[in-house]
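Here is a short briefing to read with the model open beside you. Take a moment to look at the fold before you start.

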Amino acid sequence: MSRSFGALLGAAAAALLSTASVQAASLVIFGPSTWDALAPGASEEVNADVLAKLKAGFIAQHPDVTDVTVNSGGTITDGLSRLRNAVLAGDQIDVILCAANPVNTSYARLNLISPVDDLVASLGDRFTAGSISNFTVGGKVWAVPVSAVNVTTFFYNKDIFAKAGITPPATYEEFVADVPKLTALGVVPVVHQGKNAWMWPLYYMSSLAQTTGDKQMDFVLATLQGKAKFTDPESVEALKLAYGWVKDGLLDPQSNELDEEAMKSVFFSGRAAAYFGGSWDVPSLTQNATFQWGVFPFPKYQKEPGKPVAFGGAESGLCVSSASKNPELAKAFIAYAAQDAQAKIMLDPIAPIATSLKGVPGVDTPVAKELSTVLPASKFLDWVWPRELTEVIQREVQSMMGGAETPEQAAANMQAKLDQMVAAGYVYGK
């Protein structure tokens, strides 16, 4: 970062503080879950070190600030409740460490955070493609992305593939043809963390992209606006294609019994050849896999008009709490944290393949370079579906993949939930 550009950023932060008189104050950074940390996924010790470095630098620049603390805890599932309860209790919350999913589905809609369009504008053209849009809801920006950039991908055991005499499949049909070669080795072709319902829609999203000709977002928006339905042919076909992974013998039907740890245990032990996840798993594989592993994108369905896409992008940001008694101080901290030097302190411990900031590169590894070729990633659809609808979609796809209902029944139940919400007053964008 040039000296002049650093000075401009410092001036931007100072200007934000000068818009209101700042008395001696502490700053509280709130993480709705343990994952919502300064360095998401890193250990408590690492996060404590990151906080110490950021705190020292920020107080040096703003001596009126007496302390900077972080309050992160709880599960991802309970994150919204934990945040709302803290607000209702009157707890001090200035900056929120916010994941893109709840920003899009809950935090903005429930007025738990304040728009930061002015702050983002003051920071200039420093964010990577798609990073700001991941936190844009209703035409307003709700978070400053200081984040690893992640993408969905398949991970595979290179040793098993070589023993079976196969290569990473470019098409779904190729992968199905490989099933007998893998099962002959006593290996499950694909395993999944099925007990985690929120992971199942990845198969539906990835299939919907292809059935809609890569216009999955347009379809989702049309559905929420009442101009399309989950029971339309593109959606039902996407559900059928998703279920095909089980029906055609690729995906282990027992996956609904596995959580993330159990799934990885199956993969690391060599009992499964591949699994569908995201680049957030790269550190885990690097540390635990005792075999050569690689990645390949979601395969192409030969008869569908769309091409395969990867979902993801910037997933973590810094939000201004609408309950903060000192929002200008909160903005000043976010402006400080978004500078390259501070962002690097937060992001280096998690070894990202790429980041939300042009001045903070990802790690220089062959896998990172391969995964970066699919960027910018498409926005996760469950960042757009309202939370109540997402929960139903998760359960319906989970039930369908477990064979408890047909794709047509899953589509009908998904549409029934949306119709119920509309009847109760739901209007997209409000």
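This is a predicted model: local features need pLDDT of at least 70, side-chain atom pairs count only at pLDDT 80 or more; totals for chains, interfaces and linings use all residues.

Residues are numbered from 1 along each chain as its sequence is written, and side-chain values use heavy atoms, with hydrogens and water left out.

**Overall build**
- The protein chain holds 17 helices and 13 strands (DSSP runs numbered from the N terminus: H or I of at least four residues for helices, E of at least two for strands).
- Of the 430 residues, 54% are buried, meaning under 20% relative accessible area with a 1.4 Å probe, protein chains only.
- For contacts (heavy atoms within 4.5 Å) between residues at least 6 apart in sequence, 79% link residues at least 24 apart.

**Strand β13**
- Strand β13 spans residues 316-321, and six of its six residues are buried, so the rest of the structure largely encloses it.
- S316, L318 and V320 point one way, while G317, C319 and S321 point the other.

**Partners of β13**
- Strands count as paired if DSSP finds at least two bridges between them.
- β3 (residues 95-99) runs antiparallel to β13 with five bridges, and A99 has S316 as its bridge partner.
- β4 (residues 113-114) is also antiparallel to β13, over two bridges; here S114 partners V320.
- β7 (residues 144-145) joins β13 through two bridges, again antiparallel, with V144 opposite L318.

Technical notes: Buried means under 20% relative accessible area, exposed over 50%, partly exposed in between (1.4 Å probe, protein chains only).
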